[in-house]
Every structure is written in structure tokens, then in C-alpha cells.
Amino acid sequence: MTEVLLRPDRRSPVLVTGTHRSGTTWVGRLLELSGDLLAVHEPFNPTNRRSWLANPAPHWFELVTAANAGRYHDDLARLIALRFPWRRRMSRACSTRDLLALGRDGLRAGRARVQQGALLMKDPLAFFAAPFFAETYDMLPIVCVRHPAAFVSSLKRLDWRFDFGNWTDQPLLMDGPLRRYADEIRWLAATERDIVDEGIALWKIMNSVVRDDYQHRPGWLVLRYEDIAADPERSVRSLYRSIGLRWSPTVEKNVCAYTQSSIQGELAPGDHMSVRRNSRTAMWTWLERLSPAEIARIRAGTAEIAGSFYSDADWAIETTSAHSRSSHAS
């Protein structure tokens, strides 16, 4: 079988975004396997020393609009053109490891330019910037949605807390995409809460934007993590076809390697960036990480928004699993 370019007319840059811990790194890697895209990891992450941006984003989940885009315009133009920032990355290198990464990333960028590849920006932190990027730079946004219990369980396992001051400090964000939840967000920024309640709020607020806005935008793709995890070969092949990436026997083999790993148990928290997994088992790890009471809290707290993405059947396995655990314990 020979490689077939399904849509040779399409070489727009691609943005993979969504809430953090929604599978964006995994989906980005599956797309990168095509060889048509150069993956750039989280340029809008304020702590990313390897970012292509000269000026780091001042907030987590920075809203980018015409009002503040001048801060990023030149860097985004270079990024989309795959012109690697050699000098800037050299000035930020703090170790041999950084220098090795610099050489690797620069060579990959150069190769992608020669081969007329396109940018793949994997960045959940660009979630609120996605509309501006799509309209201004012709980016194709792919928005990942993950089951709320899986999302919260991942935050809990990694103890990833969020300062809601990152949102209250952005008036354009609070008056725009987040205006519906503005009072709740201000309360969250000023109040102690546990990580489960924090995760419930993050999932509900961010995915309300997906439900009310992003999934209605022409050309945008909204993907449920679980749909890809349950049938990765069919789902990824369909995704490739949608955005014009090459599918070949080699790609198919590599997709299988990244979705049918023999690893069945939990990865160590330090391996949270690993993209090789058994996707069919990984999507249910929340059943063991969360107590039945926590699952009930998450289901109740996200119900209004989650009902647009997940049915009762997507929670029904919890009842069986909880009963099984209870019976085993007795």
C-alpha cells in the first residue's frame, strides 16, 4: 500500500487545545506521527523555558485578542513559518540537556520547513486564544474534551492546583468568555477549597465555553478523549482524513504502538507526559482513583455542562465498579 495524501490543499497550522489533562499531548503526538506536522509544545505555558515566545504569557490561560495580540504577533508569525528562534533558545539554555533539546528542536523545525510541513501547536494554555488564532492565522483548532471524573482524578493524582487569580486578573476574559461565571470565579480566587471542588469548577467553566461557542464554529473539531481511546485506529484515521494528513501502514503501526501499550497499571506521577498507553484501560483509571462519594460530587457539580457531552451510560460503569469494590471489601 502506498501513502495517500487525502487533502493536499490543506496545510493550515493546527492547534490542539482543551482543558489541561484532557489528552492534548496524546492527541498531538498521534497527529505528529503523520510526518506532516511539526509539534511545538505549549508556547503559552508561562513556565516553559523552551517556548518560542520572546515574552512569556503573563497568565495561565491567557486570552489573546486584537487588544493584546501585538505582544505575540512577531513570534507567532515566526512560529507559523517554522522559523526556529535559535538565538533566544540559546540564551535560555541552562544545561546540557537544554542544549541538546535546542539542537534537536531546531533541526526538526528546519526539516519541516524544507518538507513544507505545517505547525502543530499542542497547548491547552491557548484555550481562550483559540478563536483569535483561528481568525487571524487560519489555525485549525482541535478541542479535546475528557470525562469530568477522569479530569478531576488526574488533577488529584498529580496535586495540580490552580490559582483562579489568573482569570480574575484578565478583565477581557472575565467580561467576555467567562462572564457567566464571573462571580463564582471571584469567589474561587478568594476562597480555600479542596482539589475536587477546584477540578469541578475548572471542568464546568472551561467546557461551558466548548459547549456554547467552540463546538458551533465552522471547521472546528471537538473530540471526546474517550471516543479516541475506545477505538483509536478508526478514530485517528478519521481525524487524519478530516485535516488532510497522510495515512500509511507505518502511521497505522505507530498509532497502535501509542494506543495499545502493554502497560496496564498507573504510571508514576513523574511520567504524566507519557503518551504510550493502553488507551482502552487508561480511560477508566478514575474509577480506582476516586471514591464513590467523590464521583457523586463530580457528577452533580458538572451535570449541567457534562450532559451535553456524556450520557448516563458514561457514568453507569461507576455503579458496577463501586459495587464490585464494596463486595470485594466485605
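User: Leaving aside neighbours within four places in sequence, which residues is Phe 133 in contact with?

Analyst: Contact means heavy atoms within 4.5 Å. By that rule Phe 133 touches Leu 15, Phe 44, Val 64, Leu 76, Met 121, Ala 126, Asp 138 and Met 139. A quick note before we go on: this is a predicted model, where local features need pLDDT of at least 70, side-chain atom pairs count only at pLDDT 80 or more, and totals for chains, interfaces and linings use all residues. Residues are numbered from 1 along each chain as its sequence is written, and side-chain values use heavy atoms, with hydrogens and water left out.

User: What makes Leu 53 count as buried?

Analyst: Buried means under 20% relative accessible area, exposed means over 50%, and partly exposed is in between (1.4 Å probe, protein chains only). Leu 53 has a relative accessible area of 0%, so it is buried. Where is it? Leu 53 sits in the loop between strand 2 (37–41) and helix 2 (73–80). Helices (H or I, at least four residues) and strands (E, at least two) are DSSP runs, numbered from the N terminus.

User: What does Leu 53 touch, leaving aside neighbours within four places in sequence?

Analyst: Its contacts are Pro 43, Phe 44, Tyr 72, Asp 75, Arg 88 and Arg 92. Take Arg 88: it is 35 residues from Leu 53 along the chain, yet their C-alpha atoms are separated by 8.8 Å.

User: What makes a group of residues a nonpolar core?

Analyst: They must be buried Ala, Val, Leu, Ile, Met, Phe, Trp, Tyr or Cys residues joined through side-chain atoms within 4.5 Å. The largest such core here has 71 residues, and those with the most contacts inside it are Phe 44, Met 121, Phe 127, Phe 128, Phe 133, Trp 167 and Tyr 214. Helix 10 (residues 195–212) gives the largest share of this core, ten residues. Apart from it lies another core of 28 residues, including Val 27 and Ile 142. In soluble globular proteins, nonpolar side chains tend to be buried together.

User: How do you know which strands are at the edges of the sheet?

Analyst: Two strands pair if DSSP finds at least two bridges between them. The open sheet has five strands in the order 2-3-1-4-5, with parallel pairing. Strand 2 and strand 5 (221–224) each pair on one side only, which puts them at the edges.

User: What makes strand 2 and strand 3 a pair?

Analyst: They share five bridges in the parallel sense, and the rule asks for at least two. In that pairing, His 41 stands opposite Lys 122 of strand 3. Strand 1 and strand 3 have three bridges, also parallel, and Val 16 stands opposite Lys 122 too.

User: Why is strand 3 called largely enclosed?

Analyst: Five of its five residues are buried, so the rest of the structure largely encloses strand 3. Ala 118, Leu 120 and Lys 122 point one way, Leu 119 and Met 121 the other. Across the chain, 51% of the 330 residues count as buried.
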